[in-house]
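Biologist: Please take a close look at a single chain of this model, and describe how its parts meet each other and how the chain meets its partner.

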Amino acid sequence: MHERLSFYVKRESPLHQLNPLTKLTLIFGLILPAFLVPFYWTPHLLLVLVVFPLAFLGKVQGEYFNAATRLILPAAGFLFVMQALFIPGGEVVLARVWFLTLTQESLLYAFANAVRIFVMISSFTLFMLTTHPSELMSDLTRRGLPGQFAYVIIATLQIIPQMQAKANTIIAAQRSRGLDTESSFSRRIRALVPLVGPLVFGSLVEVEERAIAIEARGFTSRLPKTSLREISDRPLDKGLRWLLLAMMLASLLSRIWFS
Amino acid sequence: MPVVRLQQVTYYYPLTETPALQDINLEIEEGEFIAVIGPNGAGKSTLCYTLAGFIPHFYKGELQGTVEVDGRSTQDSNLSDWVLRVGLVFQNPFNQISGAKYTVFEEVAFGLENRGVPRNEMIQRVEEVLEMTGIADLAARSPYSLSGGQQQRVALASILVMQPKVLVLDEPTSQMDPIGTREVFGVIRKMAQKGMTVVMAEHKMEWIAQFADRVIALWEGKIFLEGKPQQVLTDERLAEKGFGVSRYTTTARLALSRGLWQAERPLPVTLEEAVSGFAAIRNGQSKGKP
């Protein structure tokens with residue numbers, strides 16, 4: 001389990017080759033139009049004509065559609081049902097059950113919103129599937145993000161599985177000494193104390209040692225850092241970023257213009 | 001000229017009344033291998049942190065006296081420059097992994113990135129050090145997926161790649177199994193043979209006897225004994241003060257009290273010395289009998 005610490009899938013694809021910042025811009029270049037452009041079918045078209053093809057372009061269609069059906073679809077579906085049933089207003093009544101009214105307007109509104117959420121989570125998912133976290137952080141550090149900030153992000157991503165493993169060890173150790181973690185609710189709550197204590201205090205001690213360890217490798221050096229990873233930033237990337245920025249601006253303007 | 005020089009070093013941790021180190025005077029020549037022994041709380045780790053500059057730069061408290069490496073004192077330097085003079089490796093291999101890198105190769109390169117070493121030189125230095133520490137085949141693995149001995153060699157490599165003048169090891173094998181211990185000491189032996197100056201706090205007397213040029217025994221923050229390994233490690237006073245003693249020394253001392261060890265022969269620390277000592281007794285007896 002320790003080998004896989006991120007969503008990243010290593011493949012050779014045009015999407016993988018893009019600079020991380022370009023892909024980050026792409027996320028927002030998809031989300032903003034989906035939410036802002038007043039034309040009703042914008043998010044739907046973006047999803048089918050841009051997001052889905054991007055998954056194939058990045059050669060991560062398998063992983064993406066897996067995540068889409070198991071994670072994104074239920075979330076968007078839930079949102080759709082709630083909004084369709086609870087958004088007030090609308091004249092064309094389609095159905096009435098008890099106190100719930102389903103109108104054509106609320107249905108359409110909920111549908112568009114659900115697709116917007118779908119586009120949003122999808123673009124983040126595609127980003128994470130095709131961008132290595134260290135690559136993202138090295139690139140952002142190179143562009144002026146403080147090293148400490150980048151470290152905290154990456155170390156947190158890595159620490160979660162470690163903490164899980166440690167929590168399991170502590171649970172096993174306490175249960176072998178007779179701690180009851182499986183009966184009534186109040187007992188389970190009480191059982192948390194001897195579990196959380198060692199986990200938290202143990203982690204605090206580790207933080208001190210880890211601080212020494214990275215300090216011993218010159219972490220706080222004021223010299224400009226270099227990077228082992230070579231991150232490409234081609235003219236194509238720059239062009240794409242400008243194009244995406246222009247699109248974001250255009251969608252913002254269209255919103256202001258038509259409303 | 002000695003590469004390390006400690007003069008009248010006394011140190012109090014914050015909020016403590018008793019010194020963790022007291023009046024330490026120590027000079028270490030270039031290429032020398034110093035082993036530091038002592039029971040828990042004797043000041044071994046404190047001495048290591050003092051040499052590595054974490055005292056006074058990381059742990060506050062009160063430091064008196066001077067700690068000089070290569071003609072410069074810790075007080076006049078900052079920690080991120082000091083790492084090029086003194087490299088520190090400590091006990092827990094897991095906590096020495098930066099947590100910011102996904103492969104062993106990147107992990108070892110981390111320090112060089114921080115120091116702004118150009119990429120080409122970085123790759124070359126990392127490859128060299130991976131080869132030297134015998135972990136070149138692990139380069140693409142996640143540092144978290146390794147065994148303790150492998151992780152500790154990654155930690156060693158991560159420090160050695162910085163090319164420090166002095167290598168300080170704080171009980172580097174105390175959390176290793178016998179295989180891990182052998183792997184780690186294998187690398188340390190190689191570094192010593194290459195002429196690196198090493199200071200190692202360690203409990204495993206048999207290994208110390210093989211490596212060290214000089215042994216320093218700390219007790220309650222003071223240097224209590226100092227000298228050749230053979231002479232210090234077999235000193236009678238060690239056991240009563242709570243120092244670890246090699247089982248071969250203990251065995252031979254018992255043998256001596258029963259007249260089974262030649263009185264003029266020094267007590268052994270390693271298996272080999274013990275065997276040759278007992279062999280000499282047996283040969284002596286067989287010759288003595290008609």
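Modeller: The domain assignment divides chain B into domain 1 (4-235) and domain 2 (246-290); such bounds come from an automatic or database domain assignment. The model is predicted: local features need pLDDT of at least 70, side-chain atom pairs count only at pLDDT 80 or more, and totals for chains, interfaces and linings use all residues. Residues are numbered from 1 along each chain as its sequence is written, chains are lettered from A and ligands numbered from 1 in the order in which they are written, and side-chain values use heavy atoms, with hydrogens and water left out.

The C-alpha centres of domain 1 and domain 2 of chain B are 35 Å apart. Eight residues of domain 1 of chain B and eleven residues of domain 2 of chain B take part in the contact (heavy atoms within 4.5 Å). Between them the two domains of chain B bury about 680 Å², with 60% given by carbon and sulfur atoms; buried area is the accessible area (1.4 Å probe) that two parts lose on being put together, summed over both. On the domain 1 side, B:Glu206, B:Gln230 and B:Thr234 supply 67% of the area buried against domain 2 of chain B, more than any other three residues.

One salt bridge is counted between these domains of chain B, a salt bridge being a side-chain nitrogen of Lys or Arg within 4 Å of a carboxyl oxygen of Asp or Glu. B:Arg247 and B:Glu206 form a salt bridge, at 3.7 Å from N to O. The elements giving two or more residues to the domain 1 side are α8 (205-211) and α9 (229-233) of chain B; helices are DSSP runs of H or I with at least four residues, numbered from the N terminus. The largest share of that side, four residues, comes from α8(B).

The interface with the partner chain brings 43 residues of chain B into contact with 36 residues of chain A. Chain B and chain A bury about 3,600 Å² between them, 56% of it on carbon and sulfur atoms. Three salt bridges are found across this interface. B:Arg119 forms a salt bridge with A:Glu230, with the closest N and O atoms 3.3 Å apart. Two or more residues each are given to the chain B side by α3 (79-82), α4 (104-114), α5 (119-132) and α6 (148-160) of chain B. Of these helices, α4(B) gives the largest share of that side, ten residues.
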